[in-house]
Amino acid sequence: TTTTTAQASTATPCCTEDIATGTGHGQDPNRGTGAGPQDMHVAADHFYLLDSYNNQLKLAKRPFDKWVVIAGNGSRPQLGRSTDGPALAQALNEPHGMAVTSDGSGDVYIAETWSSCIRLLRRGVLTTVAGQCGTGGHVDGEPTAARFQHPHHINLDPRNESHLYVSDVECWDDDGWPDDQKHRPCAATDDGVCFSGIRKIELDRATGKALRVSTVAGKATHGHRKHDCNDWADGNATVARFDYIHGTAFQALSKAERASGETGGGSQFIYVCDEDNNMVRRVDLTTRETVTLAGSGKEGGKDGVGFQAEFTAPGGIGVDEFGSVYVGDYGQNRVRKV
């Protein structure tokens, strides 16, 4: 793991007056409670911005002109029970992750974090495709019966966009209003379930709808407010443990893959920022084995090999076509390379 330096500029828009950037604590419960946007996607002709604490998804042309709201009316849903319908008329509940399709459909999948459900924006309409907005839990299977804890980051597999991966994290880090919200849908779970790991949603890309939800890595535990899912362990799907996965990423397509369109039907690995374990990890999607790439588990900023390296709450992650992993080391105010 090494630190890297580069030149930063204002060529890419980041901070404008219509984006939530305040703490929000102690203010109107329908306003934001965090510091700013949680996700961004750069397409060939547009920027997409998830303005999480304004509860909106925004779009801007490239080169940048202005942000235009394409989903969310700026409010939060009562009891987290988000409804389907025209996107500009619907409430969103502090969404933290989005995935934009590359097939020309314009579809955007949204992790509606504080409502514990996954939404689809298609042709100006928001639809719930997996989970029940306003009710948390951990249930695999048929999409309407599936339950999520606190879906954070989501990724479409660039080698098979019929597979959507969700970093689903435990509820118990969420506090009541004014820190989070008065009504806590994530905590309204079955039997006080706790889960931290990776979920997979199989999609019908013709309709955009979900077909099935399954757990790739991580184990759910039951019992009133149990924290047994908050741990660290490498290994297969039955033993692997995580503690608040924040960012996830796939290796970028190579030039040959982009040129030929041949992507092999799916990626082999998904890369993970295990934030509260201070580790960067990788899950094999074929064998469902989890390994730690870097991080001792201790907080710090030390460079080094494997378990010798230290991170402090690593959050964002990206992987280039050569397999180099870039990490937003949140607590160290650095971008690191593995």
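Author: Gladly, and we start with a term: a salt bridge is a side-chain nitrogen of Lys or Arg within 4 Å of a carboxyl oxygen of Asp or Glu. This is a predicted model, where local features need pLDDT of at least 70 and side-chain atom pairs count only at pLDDT 80 or more, while totals for chains, interfaces and linings use all residues. Residues are numbered from 1 along each chain as its sequence is written, and side-chain values use heavy atoms, leaving out hydrogens and water.

Reader: How many salt bridges does the structure hold?

Author: Side chains of opposite charge can pair when their charged atoms come close. Here there are 15 salt bridges. In one of them, the side chains of D103 and R205 meet at 2.8 Å, N to O. D103 sits in the loop between β7 and β8, R205 in the loop between β13 and β14, and 102 residues separate them. (Strands are DSSP runs of E, at least two residues, numbered from the N terminus.)

Reader: Which residues are linked with D103 and R205 in a network of salt bridges?

Author: D107 and R122 belong to that network. Their own side chains meet at 2.7 Å, N to O. D107 lies in the loop between β7 and β8 and R122 in strand β9, so the pair ties together parts 15 residues apart in sequence.

Reader: Is D107 buried or exposed?

Author: Buried means under 20% relative accessible area, exposed over 50%, and partly exposed in between, with a 1.4 Å probe and protein chains only. D107 is buried at 0%, and R122 is buried at 15%. R205 is buried too, at 16%, whereas D103 is partly exposed at 43%.

Reader: What is the bridge partner of H150 in β12?

Author: Two strands pair if DSSP finds at least two bridges between them. H150 has V169 as its bridge partner in β12. Strands β11 and β12 pair in the antiparallel sense over six bridges, and a hairpin of two residues joins them. Eight of the eight residues of β11 are buried, so this strand is largely enclosed by the rest of the structure.

Reader: Which strands stand at the edges of the open sheet of four strands?

Author: The order is β15-β16-β17-β18, with antiparallel pairing. β15 and β18 stand at the edges with a single partner strand each, so one side of each is left without a neighbour in the sheet. Three bridges join β15 to β16, and T248 has V272 as its bridge partner in β16.
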